[in-house]
Amino acid sequence: MTGEKPELRDRLILALDVPTAEQALRIVEQTCGLVGAYKIGSQLFTAVGPDLVRELVRRGERVFLDLKFHDIPTVVARAGIEAARLGVHMFTIHALGGEAMMRAVVEAVADFCAREGIARPRILAVTVLTSLGAEDLARVGVRAELEEIAVALARLAHACGVGGVVASAREIRRIRAAIPDREFAIVVPGIRPAGASVHDQQRRATPEEALGVGADYLVIGRPILESAHPREALAHLLRRLS
């Protein structure tokens, strides 16, 4: 991200967490022009495959492909190339995949995009899922402070040339302090407007809280998708944040 921050609506990412392409396209038609990108995650991508990504790109929409690649370096590098070939704006990998994996995908995607003359997508490293708390990590043998883990993973991702991280709003201040590079984007999922159901998000935040501590992008899904009028719900959110 260079210069001034993008307009507020361009910092909103709407999660298309629905099971069919028809539902996804209906939501896009209802909300186009009010968000900066649409997130396609594991459920929708597994159900309908890459054709929906191609269709949204064809329509001029930005796609955030959130498949959280986590495998051996060669496999993730090849997956990253295919994500770039689809024309996505951003895609995710897991920082826990380690240095070799992150460096491999960054280098492979950069080489492929330069060779093909196409725009390079921003690669984002997922730090700690917002559904997890300290007790969850302890049960799998990770006993360090949750924020310390997120900061350490963000540092490693930055050192590997990754373009940003996915982290909860609680970790933003410490990540910013550790990584002053303003080109390094922080994307915050688990966004819930005040009063909305929290579902399975433990480390959630309101849009105001996340923007207030320095989030670059906010991912919001169910509060909009479950609204009877998604466009009006988004417009109301934008007015409240302006």
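Biologist: What makes strand β6 (residues 164-166) and β7 a pair in this predicted model?

Modeller: Three bridges join β6 to β7, and the two run parallel. Pairing takes at least two bridges, so β6 and β7 count as paired. Within β7, I186 is the residue that V165 stands opposite.

Biologist: Nice. And how do you know that β7 pairs with strand β8 (residues 217-220)?

Modeller: Here two bridges join the strands, again in parallel. The rule asks for at least two, so β7 and β8 pair as well.

Biologist: What do β6, helix α8 (residues 172-178) and β7 make together?

Modeller: They make a β-α-β unit, and a right-handed one. With the strands pointing away from the viewer, the path from β6 over α8 to β7 runs clockwise, which means the crossover is right-handed.

Biologist: Why do you say that both faces of strand β7 (residues 185-188) are covered?

Modeller: A185 and V187 lie on one side, I186 and V188 on the other, and all of them are buried. Buried means under 20% relative accessible area, so each of these four falls below that cut-off. Side chains in a regular strand alternate between the two faces of the sheet.

Biologist: Let's turn to the cavity. Which residues line the largest cavity?

Modeller: D10, I13, G36, A37, R62, H89, M90 and Y217 do. About 40 Å³ of space lies inside.

How values were computed: Residues numbered from 1 in each chain as written. Predicted model: local features only at pLDDT ≥ 70, side-chain atom pairs only at ≥ 80, totals over all residues. Heavy atoms only, no water. 1 Å grid on protein atoms, 1.4 Å probe; cavity = no way out; pocket = protein on both sides within 12 Å on 5 of 7 lines; lining within 4 Å. Points joined across faces, edges and corners; volume = space filled by probe spheres on them. Buried < 20%, exposed > 50% of the residue type's maximum accessible area, 1.4 Å probe, protein only.
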